[in-house]
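Subject: Structure handover

Hi,

Here is the structure for you to look through. Please open it beside this email and follow along.

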Amino acid sequence: MRVFVTGTAGFIGFHLARLLLAEGHAVAGFDGMTDYYDVRLKERRHAMLRQNQGFSAAEAMLEDAAALSAAVEAFAPDVIVHLAAQAGVRYSLENPRAYIDANVVGTFNVMEAARAAGVRHLLMASTSSVYGANEAMPFDERQKADTQLTIYAATKKANEAMGHAWAHIHALPVTMFRFFTVYGPWGRPDMALFKFTKGILEGTPIDIYNHGEMWRDFTYVDDLVRGIRGLIDAVPGGPETAVEGDSLSPAAPFRVVNIGNSDKVRLLDFIEAIEQETGCRAIRNMMPMQTGDVPATWADATLLRNLTGHSPRTPFREGVRRFIAWYRDYYDI
Ligand SMILES: NC(=O)c1ccc[n+]([C@@H]2O[C@H](COP(=O)([O-])OP(=O)(O)OC[C@H]3O[C@@H](n4cnc5c(N)ncnc54)[C@H](O)[C@@H]3O)[C@@H](O)[C@H]2O)c1
């Protein structure tokens, strides 16, 4: 397969590209190398991917429609997986406009390039944050999700709606993933595991929101990218699909799929696992709930299993162990 992946210098895009290259597919990456977090980490990830001859990459912004279309056209992909985005729930309180530009305008440019290239399947990242203030758990794709609490979540919900419209108008098969708190080696410095590990190893206080009364469905990155890989072949509207519990739209070749571990972990237990693995104690700075944050996420991952036969299952202690081994190696600690 020829797979065009946006966000390949990012955490998830890097891991997905590695998996696809290991299977022998050709991968074209596209990433704007934004400075939302340490660009050196992004450069290291791209440098590792470039060691494989099946990989090439363009470094440009999604908002640059001409650069994006040219890269897609030149590669002539079978499939596009769109992962580049302005991510992060908390930063969307500070700089909401960055999300409109990257996620709304940028995603439209990806959809337009996918249509022009006539790809057989367009897959795009959404988030568990679209469940917003929903309280019924675990979160199921067929639940209404109309109460987003941040501009980040709102842009991702907009992407789902845009994807549905494009699938309907152009008969272009579209799958939207809702990812649940992804973690693992080469992870994002703005996310909890990275920040906690850094603070705990450096002996500086770590901020724990809602006094630790938080639950997250932590999903190990290898499990996540295997889920994405399986979904590439599960083309909505294809002959083999429409399974039990399906979210397939009646109006378009379009579906939304949760990719989560289906197990919610208490934040304080997660922190204890980091303490155990590092052998250091955390200095806990208990904080109130942050605006826009939710106390819990928990995925119903039945649809992913029914479509791909795959269920994320790495226990969080094992995932934390692997992350800390990578962190020590990367920072030479
Ligand atoms: N990591 C998670 O827990 C999580 C959870 C839910 C959803 N997601 C979604 O998954 C996708 C990948 O997330 P990630 O964790 O790998 O994030 P990441 O920030 O590590 O990767 C995103 C990449 O996109 C690039 N990018 C950002 N804005 C761009 C723009 N305007 N033009 C071109 N490139 C741009 C960045 O340089 C970065 O390398 C995102 O769409 C994110 O919203 C992630």
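In which loop is N210 found? N210 is in the loop between β8 (206-208) and β9 (215-216). Helices (H or I, at least four residues) and strands (E, at least two) are DSSP runs, numbered from the N terminus.

Two notes before the rest. This is a predicted model: local features need pLDDT of at least 70, side-chain atom pairs count only at pLDDT 80 or more, and totals for chains, interfaces and linings use all residues. Residues are numbered from 1 along each chain as its sequence is written.

N210 is not a glycine, yet has a positive phi of about 50°. Then look at M137 and P138. A cis peptide bond joins them, with omega about -5°. P138 sits in the loop between β5 and α6. Why point these out? Most residues other than glycine have a negative phi, and most peptide bonds are trans.

**Overall build**

The protein chain has 11 helices and 13 strands. Its C-alpha atoms fill a box of roughly 55 × 45 × 40 Å along the principal axes. For 333 residues, a compact globule would have a radius of gyration near 20 Å; the protein chain has 19 Å, which agrees. That radius is taken over C-alpha atoms, and the globule rule is 2.2 Å times the number of residues to the power 0.38.

**Around the ligand**

The shell around the ligand has 27 residues, and G10, G32, A84, A85 and A102 come nearest. A residue counts as near if its C-beta atom, placed from the backbone, lies within 6 Å. By class, the shell holds 14 nonpolar, nine polar and four charged residues. Nonpolar means Ala, Val, Leu, Ile, Met, Phe, Trp, Tyr, Cys and Pro; charged means Asp, Glu, Lys and Arg; the others, Gly among them, are polar. α1 (11-22), α5 (96-117) and β5 (121-127) each supply at least two shell residues. The largest share, three residues, comes from α1.

**Two packed helices**

α5 packs against α6 (residues 151-170) at about 15°, with axes 10 Å apart. So α5 is roughly parallel to α6 (angles under 35 degrees count as that). Axes are lines fitted to C-alpha atoms over the stretch in contact, and angles run from 0 to 180 degrees between N-to-C directions. Residues in contact (C-beta atoms, placed from the backbone, within 7 Å) include Y99 and F108 of α5 and Y152 and W166 of α6. This contact has 11 nonpolar, five polar and two charged residues.

Best wishes

Technical notes: Parallel < 35°, antiparallel > 145°, perpendicular 65-115°, else oblique. Contact = placed C-beta atoms within 7 Å.
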